[in-house]
Every structure is written in C-alpha cells, then in structure tokens.
Amino acid sequence: MAYERDNIRALEPYTSGEQPDDASVIKLNTNENPYPPSPAVLDVIVTVTGEQLRRYPSPAAASFRETAARVHSLSADNVIATNGGDELLRLAITCFCEPSRQGGGIGITEPTYSLYKVLAAIHDTPVTRVALADDFSLPDDLAAQWNTAGCRLGLVVNPHAPSGALRSVEQLERIARVFDGVLLVDEAYVDFAAHDALPLLDAVVDLDNVILLRTLSKGYSLAGLRMGYGLAHAALITTMDKARDSYNTDVVAQAAATAALCHRDEAENTWSVVIDERDRLTRAFSDLLFDVWPSQSNFLLVRPPSGSAAGLYQSLKTCGILVRYFDQPGLEDKLRVTVGTADQNDALLAAIQRIPGDSSRA
Ligand SMILES: *Cc1c(COP(=O)(O)O)cnc(C)c1O
C-alpha cells in the first residue's frame with residue numbers, strides 16, 4: 001500500500017553538499033563564509049533567557065523586520081522573515097504557483113540552484129527551463145519564454161549559481177517588466193557582489209512583481225542558524241505572510257539575526273577578505289591553466305585543463321579537501337570551489353599541483 005502522493009513517490013530529493021563530522025576536513029563545498037559570525041551574535045545567543053524560550057516568539061519577527069528594513073532603507077511592510085532563504089522559495093511557490101500539470105509553474109534557467117526544481121516537484125507544479133549560453137549569460141527572451149509557458153514565478157539567482165555571473169539591474173528590470181508573473185531574484189550571494197537589485201524596489205521603479213531573497217547563511221556566517229528574508233512590494237509580503245507557518249522563525253534565530261544585521265560592518269570586513277581571496281584564487285587557477293568563470297560570489301566555477309573533474313574531486317577528497325562536483329549536463333567537466341581562508345585556499349592550490357594527471361603541470 002502506497003500512502004504518498006504520486007509526485008512525492010516520484011520525487012528526487014535535493015542533494016546537499018557533504019557535511020563531514022571531521023573538523024580537519026577543508027570544506028570548500030557549500031559556500032559557507034569561512035570566518036566566524038560577529039561576537040555580538042554569540043553574545044545574544046548565550047544570553048537568551050528561559051523566559052524568552054517559555055513564550056512563543058514574535059510571530060512575524062517584528063524587531064528583525066524593523067532592523068532589516070532600516071538596513072535596506074525600506075519599511076517593515078516590505079520585509080518577511082523566513083526559516084532560511086529556502087523557506088522563502090517554498091513559500092513563493094506555494095503562494096504563486098498552481099499545483100497542476102497544466103501550467104502555472106516556475107520558470108528557471110538551466111543551470112541554476114538545484115533546489116528550485118525539487119521544491120516545484122514537492123508542490124507538483126511544472127518547471128520551465130531556459131538554457132543559458134555557454135558563458136552563462138541570460139537569453140534576451142527569458143521572460144517571453146516563461147510567459148509562453150504560463151509560468152507564474154520566475155527564479156533568477158543573482159549572482160548566478162554555480163557560475164558567479166552577475167546580472168545588471170537594468171537586465172533584471174527588463175525581465176520583471178516583460179514577465180507576467182512574480183520575479184524572485186535570489187540574492188543569496190549578493191554580499192560578495194559589486195551591486196544588488198534593491199533599486200528595483202525603489203519608489204521610482206517600484207515594481208510590484210519583484211521579490212529579493214536574502215539569507216544570513218552566507219554573508220553573515222550563520223548557515224547553522226536558519227534565517228533568511230524576502231524584500232518586496234508590501235502587497236506581495238502580505239500574501240506570503242498569510243501562507244507561512246505561524247511561528248516560522250524562532251526566538252533565538254530572530255535575536256541572533258537582528259544582532260548580525262546591527263553589526264553588519266563586522267560581516268562586511270569578512271566580505272572584503274573573501275573578495276580579495278576570490279580574485280587571488282581566480283588568478284592562481286588561471287596560472288594552473290584552469291578555465292575560470294569571472295565570479296561575483298564567494299565561489300568559483302573552474303574547469304581543469306586535463307583529466308576529469310570527477311577524478312579531481314575524488315583526489316581532493318582523499319587529500320581532505322571537499323569541493324562540489326555536479327554530475328549534470330554542462331557541469332560534469334567543472335568543479336565549484338568555495339573561497340576559503342587564505343590558508344585553506346593555499347592548501348587547495350598545493351593539493352591540485354600535487355595531484356598527478358588531473359591538473360596542469362605548467
Ligand atoms: C544558500 C542559498 C540559498 C538560501 O540558503 P538558506 O541557508 O536556506 O538561507 C538560496 N539560494 C541559493 C542559490 C543559495 O545558494
């Protein structure tokens with residue numbers, strides 16, 4: 001007897017990057033910030049009281065929303081707090097997509113963040129994929145293609161994962177204006193980029209069909225905390241607010257994430273170190289004759305000059321270094337490498353030069 005819905009039976013779940021218990025492993029596989037969060041965040045966590053825990057948290061994370069609004073010069077009505085950015089993605093699909101095979105689904109690019117299609121499959125809503133060019137640029141008719149397929153939610157990750165390519169605000173604005181549905185710009189990595197898409201929410205532009213996704217997981221070194229948020233026109237926030245779990249973010253996460261945003265300058269210091277290391281790694285990979293895609297993120301997509309990417313992934317793993325290998329068309333000859341600390345990056349480069357056959361001997 002099968003109890004589950006057909007789409008759940010058929011579901012291929014999301015495969016997360018490995019999370020080894022061994023602390024000596026150099027983890028360059030899930031794009032965490034290699035530096036710790038602000039000490040102020042830890043202070044807030046250890047001073048959470050029994051009385052705070054005894055009670056339910058603020059349902060809509062009031063203080064956090066006020067703080068995020070202040071940081072982005074928006075109003076609290078433009079902010080929704082979620083249990084990681086991933087919950088915002090799920091919520092957007094719930095609110096804007098039809099659970100039917102007849103259209104009303106999500107529009108994505110290929111490749112993109114691999115969770116999108118898994119969340120669509122859980123909701124049983126169709127997925128329309130539009131292939132990116134070899135340099136990972138967006139086709140000009142992206143929104144038109146999504147419109148033809150009847151998509152209700154378009155998902156653009158910017159900077160792009162897994163390439164790190166950054167789209168301009170003008171290009172995103174054009175997509176939002178042409179697209180008949182809601183455009184969610186996933187800015188999970190925007191803290192490491194030259195610009196963000198906040199101008200889309202400016203009073204002047206004020207597009208009513210744009211959601212920006214933000215997370216505390218990457219830039220703020222809080223992947224373990226599970227806190228993210230959405231920024232959008234107040235009407236979209238109200239819609240999503242209706243459909244979220246009543247207490248979707250907990251009291252510890254709300255307090256810690258609020259402290260993290262209040263000490264944003266400390267996080268910013270880590271961003272500039274990561275950006276400098278990213279640029280150094282880019283040059284070092286080029287010197288080793290790897291192809292490297294210009295990245296505005298905290299990871300690099302690289303193609304080894306000889307040997308297989310899968311083989312290099314395995315060899316690095318044997319050396320205690322984890323990177324990400326995607327066994328999918330267009331990516332099977334490449335690796336995605338998170339930018340680590342200077343020491344971690346040096347260890348990676350040294351290991352690559354030691355590994356026979358899989359790398360340049362230039
Ligand atoms: C990390 C990430 C997210 C959100 O992650 P959370 O940890 O759930 O906040 C969203 N989109 C992309 C592309 C990501 O890499």
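This is a predicted model: local features need pLDDT of at least 70, side-chain atom pairs count only at pLDDT 80 or more; totals for chains, interfaces and linings use all residues.
# Pockets, domains and backbone exceptions

Residues are numbered from 1 along each chain as its sequence is written, and side-chain values use heavy atoms, with hydrogens and water left out.

**Exercise 1.** Describe the second largest pocket and state where it lies relative to the domains.

*Step 1.* On a 1 Å grid over the protein atoms alone, a pocket is an open set of points with protein on both sides within 12 Å along at least five of seven lines, a cavity is a set where a 1.4 Å probe fits but cannot get out, and lining residues have an atom within 4 Å of a point. Points are joined across faces, edges and corners, and a volume is the space filled by probe spheres set on them.

*Step 2.* The second largest pocket holds about 480 Å³ of space. Its lining has 24 residues, and Glu12, Pro13, Thr15, Lys117 and Val118 are the closest to its centre.

*Step 3.* At least two lining residues come from each of helix H6 (115-123) and strand S4 (127-131). Helices (H or I, at least four residues) and strands (E, at least two) are DSSP runs, numbered from the N terminus.

*Step 4.* By class, eleven residues of this lining are nonpolar, seven polar and six charged. Here Ala, Val, Leu, Ile, Met, Phe, Trp, Tyr, Cys and Pro are nonpolar, Asp, Glu, Lys and Arg charged, and the others, Gly among them, polar.

*Step 5.* Domain 1 (6-36 + 265-354) and domain 2 (39-263) both contribute lining residues, so the second largest pocket lies between them. The domain bounds come from an automatic or database domain assignment.

**Exercise 2.** Describe the largest pocket by volume, lining and class.

*Step 1.* About 670 Å³ of space lies in the largest pocket. Its lining counts 34 residues, and those nearest the centre are Tyr14, Thr30, Asp86, Tyr113 and Lys218.

*Step 2.* Helix H5 (84-96) and strand S7 (210-215) are the elements that give two or more residues to this lining. H5 gives the most, with three.

*Step 3.* The lining of the largest pocket splits into 14 nonpolar, 13 polar and seven charged residues. Each of domain 1 and domain 2 provides at least three of its residues.

**Exercise 3.** How many residues of each domain take part in the contact between domain 1 and domain 2?

*Step 1.* The chain is divided into domain 1 and domain 2, with C-alpha centres 24 Å apart.

*Step 2.* With contact taken as heavy atoms within 4.5 Å, 32 residues of domain 1 touch 33 residues of domain 2.

**Exercise 4.** List the cavities of 30 Å³ or more and their linings.

*Step 1.* The count comes to two cavities.

*Step 2.* The lining of the largest cavity includes His72, Glu187, Asp191, Arg214 and Arg264. By class, it has five nonpolar, two polar and four charged residues.

*Step 3.* Among the residues lining the second largest cavity are Pro59, Arg65, Ile80, Asp241 and Arg244. Five residues of that lining are nonpolar, two polar and three charged.

**Exercise 5.** Is Leu184 buried or exposed, and what does Leu184 contact?

*Step 1.* Leu184 is found in strand S6 (residues 182-186). Buried means under 20% relative accessible area, exposed over 50%, partly exposed in between (1.4 Å probe, protein chains only). Leu184 is at 0% relative accessibility, and therefore counts as buried.

*Step 2.* Apart from neighbours within four places in sequence, the contacts of Leu184 include Leu88, Leu89, Ala92, Leu153, Ile211 and Leu213.

**Exercise 6.** Locate the cis peptide bonds at Pro111 and Pro159, and the positive phi values at Ser73 and Phe136.

*Step 1.* Most residues other than glycine have a negative phi, and most peptide bonds are trans.

*Step 2.* The bond joining Glu110 and Pro111 is cis, with omega about 0°; Pro111 sits in the loop between strand S3 (106-110) and H6. The bond joining Asn158 and Pro159 is also cis, omega about 0°, and Pro159 is in the loop between strand S5 (153-157) and helix H8 (169-178).

*Step 3.* Ser73 has a positive phi of about 55° and lies in the loop between helix H4 (62-71) and strand S2 (79-82). At 66% relative accessibility, Ser73 is exposed.

*Step 4.* Phe136 has a positive phi near 70° and lies in the loop between S4 and helix H7 (142-148). At 5% relative accessibility, Phe136 is buried.
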